[in-house]
Amino acid sequence: MNGAYRFSRREPKNWTEVPLSHSDIPRVAVLLPSGGVGCPPHQLFDVPESFLFLVEAPACAPTADALEGIAYALTELRISALLVLGWLQAPELELAIVLARQKSIGESVALAPSERVWAEPMSACFAPLLAKAPPSASSEGVKEACAQEWLRAIELKLAEGLEVTRALVRHREVHIACALVDGTSTKLV
């Protein structure tokens, strides 16, 4: 995790000195938001760029394209680690929280079909959390709790809802983990 420390101080590691045979094979599949996470993922984790197989999706929603990319990484590239990487500054997070709040008071919100794919499941995931949140809770605290809840929901969907990952998880051939990146300091939360 020294990559985030060095990245924040503009001291990236020079990976050109690492032999190609060690750095040209992806070892971790990373599902990340389409807009990124505020810094290049390989710098955040202090690994060569080729070490990560990146799959981008709006708000990390397991869309059909994202699931295809994950299935390819796990079956064809034999990657045994899948990381779902969320970002606290993702605009989708804010919109889904607003949508969940508006739905809770009976207001309807017009969404484009491309937004509905991720916004509907996200807001449904946030609704129970927002209903239990005390009025004194800070907006940043609520936002972080919602982001973590969404990452857990994605992890569960990947582990149980996708045939390829379900079989690999059951046989302990793949590990799925989640991490949340703080957009202001480029660190893992």
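Arg152 and Glu149 sit three residues apart in helix α7, so about one helical turn separates them. Their side chains form a salt bridge, with the closest N and O atoms 2.9 Å apart. This is a predicted model, and a search of the whole structure finds three salt bridges in it.

- An α-helix has 3.6 residues a turn, so residues three or four places apart point the same way.
- Arg152 counts as partly exposed because its relative accessibility is 45%.
- Glu149 is also partly exposed, at 26% relative accessibility.

**Salt bridges between helices**

- Lys143 and Glu94 meet through their side chains in a salt bridge, at 3.0 Å from N to O.
- Lys143 belongs to helix α7 and Glu94 to helix α5, so this pair ties together parts that are 49 residues apart in sequence.
- Lys143 is buried, with a relative accessible area of 6%, whereas Glu94 is partly exposed at 39% relative accessibility.
- A further salt bridge joins the side chains of Glu120 and Lys103, at 2.5 Å from N to O.
- That pair links distant parts of the chain, with Glu120 in helix α6 (residues 113-132) and Lys103 in helix α5, 17 residues apart.

**A buried glutamate without a partner**

- Glu92 lies in helix α5, which covers residues 91-104.
- Glu92 is buried but has no salt bridge, and the nearest side chain of opposite charge, that of Lys143, is 10 Å away.
- The salt bridge of Lys143 described above is with Glu94.
- Leaving aside residues up to four places away in sequence, Glu92 touches Pro58, Ala59, Trp118 and Met122.

**Helix α7 as a whole**

- Helix α7 runs over residues 139-161, which is 23 residues.
- From its first C-alpha to its last, helix α7 reaches 31 Å, close to the 33 Å expected at 1.5 Å a residue.
- The buried residues of α7 include Val142, Lys143, Cys146, Ala147, Trp150 and Leu151.
- Further along α7, Ile154, Leu158 and Ala159 are buried too.

**Cysteines**

- Searching the whole structure turns up zero disulfides.
- Cys146 is in no disulfide, and the nearest cysteine sulfur, that of Cys125, is 7.8 Å away.
- With a relative accessibility of 0%, Cys146 counts as buried.
- Cys178, by contrast, is partly exposed, with a relative accessible area of 28%.

**The whole chain**

- The chain holds eight helices and five strands.
- Read from the N terminus, its elements follow the order α-α-β-α-β-α-β-α-α-α-α-β-β.
- Of the 189 residues in the chain, 42% are buried.
- Among contacts with a separation of 6 or more, 74% are between residues 24 or more positions apart.
- The chain exposes about 10400 Å², and carbon and sulfur atoms supply 54% of that area.

Key. Residues are numbered from 1 along each chain as its sequence is written. This is a predicted model: local features need pLDDT of at least 70, side-chain atom pairs count only at pLDDT 80 or more; totals for chains, interfaces and linings use all residues. Side-chain values use heavy atoms; hydrogens and water are left out. Helices (H or I, at least four residues) and strands (E, at least two) are DSSP runs, numbered from the N terminus. Buried means under 20% relative accessible area, exposed over 50%, partly exposed in between (1.4 Å probe, protein chains only). Lys and Arg count as positive and Asp and Glu as negative; His and the chain ends are not counted. A salt bridge is a side-chain nitrogen of Lys or Arg within 4 Å of a carboxyl oxygen of Asp or Glu. Contact means heavy atoms within 4.5 Å. The expected span of a helix is 1.5 Å times one less than its number of residues. A disulfide is a pair of cysteine sulfur atoms within 2.5 Å. Accessible areas come from the Shrake-Rupley method with a 1.4 Å probe; for residues, only the protein chains shown count as cover.
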